[in-house]
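Have the structure open while you read.

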Amino acid sequence: MKILVVDDEADIQPLFLQHFRKELRHHDFEFDFALSGEEALEYLKGNSLEVVLILSDINMPGMSGIDLLSKIRQDYNYLSPVVMMITAYGDEENYKQAMEKGADDFLTKPLDFNLLKEKLKKVMNNG
Amino acid sequence: MNFDYILLLIVFSYLRRALQSKILLPKIDKYLAIGFWFSIVLLIAGFFLKFTKEINAWIAHAMLFTLIYFCLTQKEFKSVKSFIYSILPFVVVNFIEDCIELINSPFHDEWNNYFDTAIFFSIVWFFAMFFITRKQRKEMEKEQLKAIEFEKEFQQSEILKAKLETQVAERTAEILGQKEKLQKALDKLKTTQVQLIQSEKMASLGELTAGIAHEIQNPLNFVNNFSEVSSELLDEMNEEIVKGDFEEVKNIAIDLKKNLEKINFHGKRADSIVKGMLQHSRIGNNVKEPTNINKLADEYLRLAYHGFRAKDKSFNADLVTDFDENLPKINVLTQEIGRVLLNLFTNAFYATHQKQKKSGETYKPMVSVKTELKGKGIEITVKDNGIGIPEAIKDKIMQPFFTTKPTGEGTGLGLSLSYDIIVKAHGGTITIDSRENDYTVFTIFLPTE
C-alpha cells in the first residue's frame, strides 16, 4: 500500500521509516514524502493511481493541508484515496474544517505511531 | 528815639521766632524772653518818664550791641546773621548820633538833617535787606520743600521697590513650586513611558506566546518521537543479535546514532527558542553585540507567523526569504532589532489577513523579507501584498498611540517604538512605501558603523 506523507518538517521522514521498519521490510507499506502541498500535487500528477492513502499536515507554509485536501477531493475523488489530516493544533476549528472538506480521519501531533499503525492496517485490510 | 526800643522788640521776637528758641534753645530763649519784656518796660518808660530817656537810650544801645555781638560770634545764631547785618547800619548810625549829641549837642543840631538822612538810609537798608533775605529764605524754603518732595518720592519708590521685591520673591517661589510640580509630572511621565514600553513588550510577547508554543512543541515532538522509536529500534536490535543478523544490527546502530543526533538537534532548537523568548521579555539589555541579521529575521518571521496563526488557525501565507549570504555580522541591540522585525512582520500578516477577508480564496497572502549589503550598512526589506496604507495616514503611522486596529487589538506603540529603536538607538532609517489595496514595503537601513 502506497502512502504519501505531506509535511514541511523533513525529520518526519526517518520517523516513519523507522517506526514502520518491519512493515517496509515485508512490503506491506510503501512511503513517499512531500515537503509541501504544492509538491504533493506535483507528485500526485504522476502517481495518483498508486497512492492509496495520504497523510497530510495542516499547518504548512504556502498551501495548507486543508487546501491540499480540497484539491484532492476535487481532482482525484474518482480514485477515492483515504486522506488523514495531522495537526499540531488539535482544535475544533481545524477538525471541523478538515471533516467538512472530506477528510477520513484527524490526528494530532505528537503522532502516536502505534495508533497510526492500527489505522493504516485497518485501511489496508478494508482496501 | 523810640526806634531803638521798637527795634529791640522786633529783634527779640524775630530771634525767638526765627531760631524757634522756645523748643530748640530753651536756655537762650529765657534770656531772649527777659530781653523782650525788658524792652517793653523800656519802651513804656520812654513814653512816660522823660527824664530817663537818655539812660534808656544807652541801655538800649548796650543791649543792641550785646545782642549783635552774640549773634555774630555764637554759632547758635548763624542763621540770623543776615538779619543782624540788616539792622547793623541803623544801630550804628543811631549810636553815633546819640554819641555826638551827648558830646557836642550844637554840632549835632547843626548836622541833624544829615543824621536823619543817614537814619533814613539805614532804615531803607534794613527793609531792603529784610526783603532780600526774606526772598532768599522763601526760595530756600521752596528748595527745601522740593527736597522734601524728592525725599518723599524717593521713599515712595523705596516702598514700591520693596513691594516689587516681595512680589518677585513670591512669584519666584510660585514658579519654583510649579517647576517642581512639572518635574514630578515629567518624572511620572517618564516612568509611565517605561511602563508603556514594557507593556508593549509584554503585549508582543503575548502575541508571540502561541507562536513560541508551537515552535517549541515541534522540536519537543521530535525529541519524543525519536526517543520512542529509538527504544523500539533497540528491541529490534536485540532480536537481530539473537538471530545473528549482524548486518541488520549495524544498520540499526547507524539509525540509532542518527536519531540521537536528531534528538540533540531538536533539543537545542527548543533551547534557543526559549532563550530568544527570555531575551524578548528582558528589560533594558543595552549592549550592542555582533548579530547575524539573516538568522534573526528568519527566526522572527517564523515566530510572527506562528504567533499570528495561533489567533486564526485557518490563516496561511507564503513566507519568502531572500537573504544576502555575504551579510556581515553587525553590532546592534539584538532583541530590540528583533522587536522591530517582529512588529513589522506581525503588521504584514495583519495586512494580508485583512485583505484575505475581503478578497476571498483567490488571494494568496505573501510576506517577504530581504537582506542586502548596501554601501555602509545593511538594508532589510519587509514586504507584504496586503491592504496597504492609505495616503492620508502615511504620515501618522509612526506616531505613538496611532493605530488603525480596533480598540484592544493594538497599542499603537509598535511602529513608534520601532522608529525610536532604528533611528535613535542605531542611527539608521526606516522608510515606507505603500499602495492602498496592493502592497506595503518597510525598508530599514542599519549602518555598520
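Predicted model: local features only at pLDDT ≥ 70, side-chain atom pairs only at ≥ 80, totals over all residues.

**Overall build of chain B**
- The C-alpha trace spans about 190 × 50 × 40 Å along its principal axes.
- Chain B has a radius of gyration of 60 Å, while a compact globule of 449 residues would come in near 22 Å.
- Of the 449 residues in chain B, 39% count as buried.
- Take the contacts in chain B between residues at least 6 apart in sequence: 71% of them join residues at least 24 apart.

**Surface and charge**
- Chain B exposes about 26800 Å², and 61% of that comes from carbon and sulfur atoms.
- There are 56 positive and 58 negative side chains in chain B, and the centres of these two sets sit 6 Å apart.

**Aromatic rings**
- Over all chains, the count is 26 aromatic pairs.
- One of them is Phe126(B) with Phe127(B), an edge-to-face pair at 5.1 Å centre to centre with 65° between the planes.
- Phe126(B) is buried at 11% relative accessibility, whereas Phe127(B) is partly exposed at 42%.
- Tyr305(B) and Phe349(B) make a tilted pair, 5.4 Å centre to centre and 40° between the planes.
- Tyr305(B) lies in helix α9 and Phe349(B) in helix α10, so this pair ties together parts 44 residues apart in sequence.
- Tyr305(B) is buried at 2% relative accessibility, and Phe349(B) is buried at 0%.
- Over in chain A, Phe16(A), Phe20(A), Phe29(A), Phe31(A), Phe33(A) and Phe113(A) form one aromatic cluster.

How values were computed. Residues numbered from 1 in each chain as written. Chains lettered and ligands numbered in written order. Heavy atoms only, no water. Rg over C-alpha atoms; globule rule 2.2 N^0.38 Å. Buried < 20%, exposed > 50% of the residue type's maximum accessible area, 1.4 Å probe, protein only. Contact = heavy atoms within 4.5 Å. Areas by Shrake-Rupley, 256 points an atom, 1.4 Å probe, with all protein chains shown as cover. Lys, Arg positive; Asp, Glu negative; His and termini not counted. Charge placed at Lys NZ, Arg CZ, Asp CG, Glu CD. Phe/Tyr/Trp six-rings, centres within 6.5 Å; stacked < 30°, edge-to-face > 60°. Helix = DSSP H or I, 4+ residues; strand = E, 2+ residues; numbered from the N terminus.
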